[in-house]
Structures are given as C-alpha cells and as structure tokens.
Amino acid sequence: MNRDFQRQARDSSPAVERGQPDAREERFLAKLRAKLKDRPKAPHPGPRPVPGAAAGDVDGLVTRFSQELAAVGGRAERCRTPEQLAARLAAVCREAGVRTIALEADPRWDQPRWQPWRRALDKAGCELLRPGDGPSPREIAAAADAGLTIADFAIADTGTIGQWTGTGRSRVISLLPLVHLVLLPAGSLVATRAVVMGRMEAAAAQQGWPSQVVFITGPSRTGDIEGALTVGVHGPGQVHVFIVDVESGEDGN
Amino acid sequence: MGTLRVSLFVTCLVDAFFPSVGQSTVELLERLGVQVDFPMQQTCCGQPAFNSGFADEARAVAATLLDAFADSEYVVAPSGSCVAMIRHYFPQLFAGTPRAAEAESLAQRTYELCEFITERLQITDVGATFPARVTYHASCHATRGLGIKEPPLRLLEAVRGLELVDLPYAEDCCGFGGTFAVKFADLSAAMGAKKAGHVESTGADVLTGLDMSCLMHLRGLMERRGRGPRVMHVAEILNSRGGAASGRAS
Amino acid sequence: MRARVRRALQDTALGRAVWRTTDGMRSSRRRAVAAVDDWEAKRERARQIRAHTLDHLDYYLTMLAQRVRALGGHVFFADTAQDAVDYVLDVARRHGVRSVVKSKSMVSEEIELNAHLARAGITAVETDLGEYIVQLGNDRPSHLIAPAMHKNRSQIAQLFSQVAGEALPDDAPSLNAFARRTLRQKFLEADMGITGCNFAVAETGTLVLVTNEGNGRMVTALPRIQVTLMGMERVVPTMDDLDALLDVLARSATGQKMSSYTTLTQGPRRAGEPDGPEELHLVIVDNGRSNMLGGEFQEALQCIRCSACQNVCPVFQHVGGHAYGWVYGGPIGAVITPLLRDLDQWGELAEASSLCGACTEVCPVKIPLHDLLIGLRRETARRGQAPRPYPAVFRVWRRVMADARRWERGLKALQLLQRPLVRDGRWRWAPPPVSDWLAHRALPAVAPQSFRQWWRAQRGMGR
C-alpha cells in the first residue's frame with residue numbers, strides 16, 4: 001500500500017495568521033490544567049493488537065464485501081478480465097443511463113498492469129471526460145453522468161471502499177456525479193476497518209498521512225424527510241463496484 | 001440447609017397503601033420454609049428525597065433501615081425500586097460517614113423478592129395456582145437497575161393455570177418516576193397512557209409487576225380511563241392457591 | 001420547560017413524528033448492537049478512551065494544535081461563543097467571503113453563528129438536508145441527527161416551494177431532488193465551508209467528519225477556505241482510538257455498521273492536488289464545557305452525540321427536542337444545558353425525567369446520565385433553588401420518616417383525616433402537590449389497617 005502522501009506543509013501565511021500559540025491559548029490550556037489538577041487520572045486502555053491481513057481467501061472477502069455493500073444499497077461484481085469489465089461496464093451504464101464518465105486523473109492509469117483495464121473503459125460505449133489542461137475536475141465531475149475512480153482499499157465487513165488524496169487526484173470525481181463507478185483491485189480488499197487503519201498507520205509512519213482519506217459505504221443517503229430512506233442527497237445515488245483481478249504489483253505511483 | 005431467616009423490608013408504600021402485598025410476601029416466604037421477621041424501626045429507603053436532590057433528608061431516613069436490619073442475615077423487599085436504592089445508592093449516600101460500612105453491608109444482604117426466591121432459594125415453582133391471563137410490567141429499576149429480568153417470568157410461568165402474555169414495549173418506562181409523577185404530571189400521565197395502551201392490547205385479565213409504585217400509577221390511570229385489567233403485585237399471584245377470584249386485587 | 005412540555009403534548013402530529021423517528025432508530029440500534037459479539041467490551045473501551053482523554057485534555061489539545069499547524073492548518077482556541085464567532089467573522093472578512101456552506105455543527109448552533117454571519121452580510125446555508133429544512137423554517141434542530149423530524153412532508157414541501165417559487169410535490173424523492181439541485185449550486189459557489197467535528201485525532205492532527213449525505217465531503221472539497229468548529233472535548237489520542245469510537249458511533253446512532261461517509265482530513269490541500277481547501281482553520285471551543293471538567297459532571301463530556309439516549313428516552317419520545325428549550329434535547333441535553341449555560345435558569349431540565357435509566361443503558365461511552373440528573377437536582381437543592389414546595393415537603397417528610405414511631409402515628413392520623421376526603425377507597429381531593437397526581441389518576445386511600453398494624457396484631461411486637 002504505497003501512497004502519495006506529501007509531507008511538506010503549506011507555509012505561505014505569516015505566523016500570526018496561522019494562529020501560533022499565544023497568550024490566549026496559554027490561558028485556555030492553563031484553565032483546563034487547573035481544573036484537572038486534583039483529579040485522579042484514568043489510564044488509557046492501550047492500543048489493540050493490529051490484526052494481520054488474512055492471507056488467501058479473496059473469494060470469501062469478495063462474497064462478504066458484495067453482500068455488505070448490497071445491504072446498504074450499493075452493488076459489487078467481480079470482473080476477472082478487462083473484456084468482462086468492458087462488457088459489464090457498458091451494461092451498467094446503459095441501465096443507469098450513463099453517457100459521460102468523469103475519469104479520475106489517477107497516476108495508476110499509466111502503469112503497464114493497469115493499461116488493459118484502462119483500454120477496457122474505452123469500449124464501454126461512454127464518453128470519457130478526463131481532467132487535463134482544460135476544465136478542472138470539479139467542472140468535469142459536475143457535468144458528468146458518472147465518476148469513475150480506482151479504490152485504494154476496501155473493507156469486506158462493512159462493504160466500504162476507501163480513497164485518499166494525492167497528486168492529481170480529485171476529491172470530487174467520486175462525489176458530484178449521481179453514479180459512482182469504482183474499480184477495486186481484488187488484492188486491496190481486507191476483512192475489517194482495523195486492518196486498513198493498521199496498514200495506513202504503518203504507511204503513514206514512513207510517508208505521513210494524505211490530506212484526506214474517505215471511507216465510502218454505499219450511496220449518499222438521508223432519512224430527514226419523515227424518516228424515509230432516500231439516496232443521492234448530495235453525493236451519488238448509485239455506487240457500483242467492479243472488483244478487478246488486476247495483477248498485483250506496485251500500487252500508487 | 002437449615003431454616004433461612006429473613007427480615008422483611010415492606011417499603012413505605014406497601015405499608016401504608018397495599019398491606020395485602022406485604023401479607024402475601026410474608027405468607028409466600030413462610031410457605032417456602034423461610035422464617036420471616038419484621039423489624040419495626042424501618043420506614044423508607046429514602047429514595048423520594050434522594051432522587052429529588054435532598055441527600056441529607058434521604059440519609060436521615062435511610063438510616064432507619066441501617067438500624068432495623070443491622071443484625072439481619074437477609075433482607076427481602078417486594079420492590080425492585082427500593083432494593084435498587086439500597087444496593088446502588090446506599091453506599092454512595094453514606095460514603096464518608098461513620099455508617100459507610102453498614103451501608104455497604106446492607107447493600108450486599110438485600111434482595112428483591114423474586115430474585116431471592118429464584119437465586120437464594122433456588123425455587124421456580126412456588127406451588128401457586130392462578131388461572132388467568134397475565135401480563136408483566138418490567139419496572140425500570142428492577143430490570144435496568146438490578147438486572148432482574150428472568151426471575152419473575154420464570155416464577156409466573158410455573159404458576160398453574162396462569163397464561164403469561166408478552167407486553168409490547170415491555171422495557172419502556174411507565175412514567176411514574178417518583179416526584180416526577182407530580183412535578184410533570186401531564187407528561188407522566190402521557191407516558192402512562194402509552195403503557196396502558198400496550199397493556200390493554202395484550203387482552204390480559206391481570207397486570208402484574210414487582211413495584212407497587214408503577215402499578216399504583218398505572219392502575220390509577222386505567223381507573224380514570226374506565227378500562228384495563230386488574231392490577232396485582234407478583235407476590236399476590238405467587239401466594240394464590242385457588243382461582244383467580246381468590247387473588248385479591250391490591 | 002413545563003409550558004413547552006404542555007404544548008408539545010397537545011401537538012399530536014409532533015408526538016407521532018417523534019415516536020416514529022425515535023422508535024425506528026432505537027430498533028435499528030438494537031439490531032445492530034445485537035449483531036456485535038463483544039458490544040459491552042467495545043463500550044467499555046470507548047468509555048476508557050474518552051475518560052482518559054478528558055483527564056488529560058490540556059495535553060491532547062496541545063498535541064492536536066501542534067499537529068494541525070504542522071500540516072499547514074490554523075488553530076484558534078475560543079473560550080466563549082463570542083470568541084469563536086469573532087474569529088470566524090475575522091477569517092471571512094480577510095478573505096472577502098460572501099457565501100458559506102455548512103455541514104452539521106452543533107457548536108455553531110450553540111454560538112448562533114448563522115445569525116452573526118447574516119448580520120455581517122454573509123449568507124450561510126445549512127447543507128445537511130434536515131438542517132436546511134430547519135434553517136428555511138427559521139427553526140431549531142429537534143434531534144441530534146434527525147434535526148427536522150418534527151416537520152412533515154407537506155410542511156417541507158411548503159418551505160421548499162417558497163424557495164423554488166413554484167409548488168413542489170410533497171413526496172420525498174422530489175423534495176430530495178430539489179434540495180440536491182439547489183444546494184449543489186451553493187456548494188459550487190461558496191467561498192467558505194464550515195463544518196462540525198465528530199472527532200479530532202491528537203497524534204495525527206486529523207479532523208474527522210461522519211455523514212450519510214456526503215455534505216461533509218462537499219464542504220471540505222469545494223470551497224477554498226475550510227473552518228472546522230470543534231467542541232474542545234472531541235479530541236481522541238490516536239487513530240486506533242478513533243477506530244474504537246467509530247465502532248460504536250454509527251451503530252448507536254442509526255444502526256449502521258458505518259455511516260456512508262467517514263472523512264479524515266489532515267490539513268489543507270497539498271501542492272499538486274486539484275481540489276480541497278487552500279486554507280484550513282480549526283476553532284477549538286470551550287463555551288462552558290470547562291464548567292464540567294474536573295468535577296462530578298465531567299463524564300457528560302464523554303458524549304459523542306450519537307443520539308441513542310434521545311431515541312430511548314420516554315420523555316424525549318413524548319415531547320421532542322424543542323421542549324428542552326435550547327440546542328440539546330433528551331437526556332444528554334438535560335444534563336449539559338444547565339452546565340453549559342446556567343444551572344439556576346436551566347436546572348428544571350433535570351427534573352423532567354422519570355430516571356428510568358434507559359439512556360444510561362444504551363450510552364456507547366457509558367455516561368451515567370440518570371445519575372448525573374440526580375446530581376444536578378442535588379446541586380440545585382444545595383443552592384436553595386429546588387422547585388417549591390419540595391424543600392418544605394421533604395423537611396416534614398424527614399421529620400416523620402426518620403423515626404418509625406412518628407411514621408406509625410402519621411399513618412394513624414392519615415387514616416382518620418382522610419375519611420371526609422375518600423370515597424370507595426379513593427381520594428376525591430388532596431392539597432398540592434398531590435392534587436397534581438389526582439388530576440390524571442386515581443389514588444387509593446391509606447389502608448384502614450397498615451401492614452405494620454397488621455403485623456403487630458397478628459405477630460406481636462416483631463423483633
């Protein structure tokens with residue numbers, strides 16, 4: 001799980017604007033210290049053991065993931081070959097009335113092992129909108145029928161997919177269109193959130209955390225109108241995950 | 001096992017308003033081979049004042065129980081609420097006072113009636129006969145406060161002729177809540193009305209429970225509504241030997 | 001509170017709506033919790049994490065501020081509502097902000113930020129669908145996570161139709177589609193996004209947002225400035241701790257295993273990233289919270305705002321959140337409102353509980369809510385502010401009940417005195433406060449022979 005975590009902090013504003021510690025802050029914290037002075041201190045329960053990734057059983061994870069995602073209103077299916085993906089993608093888009101797909105500018109598309117899968121997208125019968133020199137990701141995503149991203153991880157237990165930010169990668173391709181199409185490398189699927197958190201922490205120890213990590217569990221939903229479950233409030237109303245058997249290898253850039 | 005000796009904490013409410021519940025409790029325990037005494041110094045567990053924020057007043061009154069039951073091996077009360085007060089709040093109420101150890105000790109020796117029968121005496125069939133359709137109100141302080149969920153149900157199920165019917169939303173509060181019942185009387189009554197509706201929906205002949213406080217509130221509401229089942233304390237049912245008619249409505 | 005309770009009880013439509021929402025949510029929660037093997041262990045761990053963090057709050061807030069700054073964010077500590085408001089207005093002014101989109105923040109309700117922004121000529125739009133409805137209705141949220149549960153479809157359609165300038169149909173999908181279109185435009189235009197904060201991770205400087213609608217993502221992706229308002233107690237030490245709390249949050253709230261979106265934000269956007277805020281401000285707000293710190297009510301700060309206590313509370317289920325009179329309703333509201341604000345004025349909230357303990361039973365961080373309510377009543381009584389006539393009532397009660405002989409004499413007196421007031425074994429009239437009982441229910445007369453009289457007659461003198 002390599003990541004494009006950039007460590008350098010943006011440092012354009014002067015110190016005062018950044019709200020550096022000042023007398024006010026010292027007073028604030030001193031007030032808390034004084035309140036807590038005489039209180040016996042509750043111990044921290046300690047970290048939980050980081051669960052190891054269960055090796056092997058990809059099929060089991062795929063089944064579990066698909067069930068859990070279906071339970072929250074999403075769909076998942078496995079595509080073992082780029083040809084299968086092309087056919088299924090075309091079918092899903094037809095069914096959902098998707099004609100234009102915003103494609104994330106993910107550096108992985110340039111890797112050899114992803115090339116056949118990238119070419120499969122061209123055969124889906126949709127217009128692919130790619131952010132580049134022209135319109136920004138937000139403009140493309142706002143206009144497209146669907147957004148297509150590659151998931152960085154997925155959690156079988158909860159039917160969750162996850163993405164993080166990085167160079168060139170947009171926060172909104174997976175958010176603005178009404179349909180979210182996801183390619184999930186089968187090897188990125190793990191059993192529980194704790195496994196993902198453990199892996200991310202290990203990676204972050206080397207590279208720092210990305211500016212944002214998003215856990216996505218099914219479509220955007222609300223019960224705010226008389227408790228009736230409604231999807232597609234602000235984000236996608238449909239989440240369709242294609243679990244692809246992309247060769248394992250260097251992920252990220 | 002030699003004869004068990006038990007002191008009855010009858011509770012102020014039963015003492016004043018529902019003596020038949022206390023009498024049934026005594027007769028039931030005696031029938032099960034227990035020797036019962038009733039120390040006269042007892043009055044009230046102090047809960048009304050404690051829950052209203054008057055800790056000093058509560059402590060002064062709760063002390064009557066420390067005096068009354070100082071030498072008792074077991075204390076048994078026909079109330080989940082009052083036992084919860086003793087078990088959970090006496091240690092807190094007397095903490096830092098000279099009587100802290102007595103409060104701790106009493107907390108450990110005090111039992112709710114059904115709990116005492118099923119857990120101390122290890123009896124589930126008390127030999128009662130009560131041919132009626134009965135539903136059971138699980139009072140909050142018994143179920144949540146003391147964790148007593150199964151004992152009264154096991155005891156009632158073993159009663160001959162008794163058909164136990166589930167009460168929908170059994171875990172919901174009936175709205176009594178001590179002084180809450182008068183401080184927010186309309187709210188308390190609305191909660192009780194919802195509970196009474198659930199009770200009526202069971203079609204039961206009798207509503208029973210461990211706490212006369214809840215039952216007094218519910219019966220009072222149902223009387224005003226002019227409908228609803230008879231209301232009896234569990235002790236009265238468990239002490240019944242004949243037909244439903246012989247079980248006196250409290 | 002009494003008047004508000006009375007009004008709420010008379011509003012049968014409200015009663016039905018609140019019951020439907022809360023009963024649905026508590027059933028979902030119950031199922032979700034039953035499906036977890038070690039729920040009690042998870043609760044206990046969550047409690048320990050929260051208790052430990054609060055006992056070391058100054059330490060973890062210092063760490064959090066350091067980390068957020070290292071990531072390029074700005075941090076401001078606000079003692080009061082005014083401090084927080086001033087800071088946000090200052091940031092907005094410096095950047096010439098005209099329009100703001102907000103994702104759900106209870107702190108912003110506390111500090112009445114929208115009104116202040118409006119006065120400064122800045123339009124702030126709530127984007128959580130329920131909060132949007134509440135904002136259009138010039139209203140207050142009535143539930144922690146279903147803020148518009150008190151509005152029905154036709155009321156919502158009316159509000160939306162006013163915005164649309166045409167009559168909209170009142171089915172949920174149409175109303176939702178309208179909100180999507182309208183709010184989408186606001187997201188794309190806004191200069192500033194204001195969010196709440198479910199948790200902040202001290203070790204990593206992470207700000208965590210949990211939403212189902214995705215508005216939390218919108219607000220942290222599209223505007224160029226992000227301001228996150230955080231109650232100072234929301235910090236947790238590590239990512240592992242965050243994971244433990246996420247385990248209990250969604251299940252306790254809606255019964256989901258995970259909410260639709262959980263967003264972890266580490267500072268503003270980085271070089272080479274096409275979107276995300278250029279500037280990120282974290283405002284850490286006290287606003288009365290330190291009143292609870294270090295004292296007998298500190299456990300109330302463990303709250304993670306899941307709403308489980310509201311959904312099981314029989315009082316809340318009957319009257320909804322507005323009856324509590326301020327931002328927070330239900331058991332947690334009854335505890336923290338008097339402590340955040342003013343006990344003398346708000347102590348009454350603590351009286352509006354039957355102490356059934358349902359709240360304590362479900363709280364995922366094990367706040368002893370009903371015990372804290374008793375604690376508040378005690379504090380109120382200590383200040384001489386207990387509701388009348390109870391101080392006098394309990395003075396007399398103590399005098400009688402502290403001595404069994406007086407109690408027995410009292411019983412005998414009542415047996416005599418009640419005679420003219422009793423018919424068929426029921427009281428016909430009684431003085432206050434017992435009259436309030438009689439207004440709704442029958443009350444049995446004192447038995448002609450009390451238990452102790454019977455015992456004395458049957459069994460001699462007892463022991």
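Which residue in β12(A) does Leu184(A) stand opposite?

Author: Leu184(A) stands opposite Ile243(A). A caution before going on: the model is predicted.

That pair belongs to two strands of chain A. Strand β7 covers residues 179–185, and strand β12 covers residues 238–244. They run parallel and are joined by seven bridges.

Now the whole sheet. It is open and has six strands, all in chain A. Their order is β1-β12-β7-β4-β2-β3, with parallel pairing. The edges are taken by β1 (75–79) and β3 (127–129). Each of these has a single partner strand, so one side of each is left without a neighbour in the sheet. From one strand to the next, the twist averages 25°.

Helices of chain A lie across these strands. Helix α2, residues 58–71, lies across β1 and β12. Its direction is at about 155° to β1(A). Helix α3, residues 82–96, lies across β1, β4 (146–150), β7 and β12. Helix α3 of chain A runs at about 170° to β12(A).

Chain A also meets chain C. Here the partners are helix α1 (residues 23–36) of chain A and helix α4 (residues 57–70) of chain C. Their axes come within 8 Å and cross at roughly 155°. An angle over 145 degrees counts as roughly antiparallel. Therefore α1(A) and α4(C) are roughly antiparallel to each other. On the α1(A) side, the contact uses Leu29(A), Leu32(A), Arg33(A) and Leu36(A). They meet Leu57(C), Asp58(C), Leu61(C) and Thr62(C) in α4(C). By type, the residues of this contact are five nonpolar, one polar and two charged.

Further along chain C comes helix α12, residues 239–253. Of its 15 residues, 14 are buried, so α12(C) is largely enclosed by the rest of the structure. Its length agrees with expectation, because 15 residues at 1.5 Å a residue should span 21 Å and the end C-alpha atoms are 21 Å apart. Just after α12(C), Gly255(C) has a positive phi of about 85°.

Chain C touches chain B as well. There, 52 residues of chain C are in contact with 53 residues of chain B. Several elements of chain C give two or more residues to this side, among them α1 (2–10), α18 (369–382), α20 (404–417) and α22 (451–459). The residues on the chain C side divide into 33 nonpolar, nine polar and ten charged.

Notes:
Residues are numbered from 1 along each chain as its sequence is written. Chains are lettered from A and ligands numbered from 1 in the order in which they are written. This is a predicted model: local features need pLDDT of at least 70, side-chain atom pairs count only at pLDDT 80 or more; totals for chains, interfaces and linings use all residues. Two strands pair if DSSP finds at least two bridges between them. Helices (H or I, at least four residues) and strands (E, at least two) are DSSP runs, numbered from the N terminus. Axes are lines fitted to C-alpha atoms, for helices over the stretch in contact, and angles run from 0 to 180 degrees between N-to-C directions. Two residues are in contact if their C-beta atoms, placed from the backbone, lie within 7 Å. Angles under 35 degrees count as roughly parallel, over 145 as roughly antiparallel, 65 to 115 as roughly perpendicular and the rest as oblique. Ala, Val, Leu, Ile, Met, Phe, Trp, Tyr, Cys and Pro count as nonpolar, Asp, Glu, Lys and Arg as charged, and the others, Gly among them, as polar. The expected span of a helix is 1.5 Å times one less than its number of residues. A residue is buried if 20 or more other C-beta atoms lie within 10 Å of its own, exposed if 12 or fewer, and partly exposed in between; C-beta atoms are placed from the backbone.
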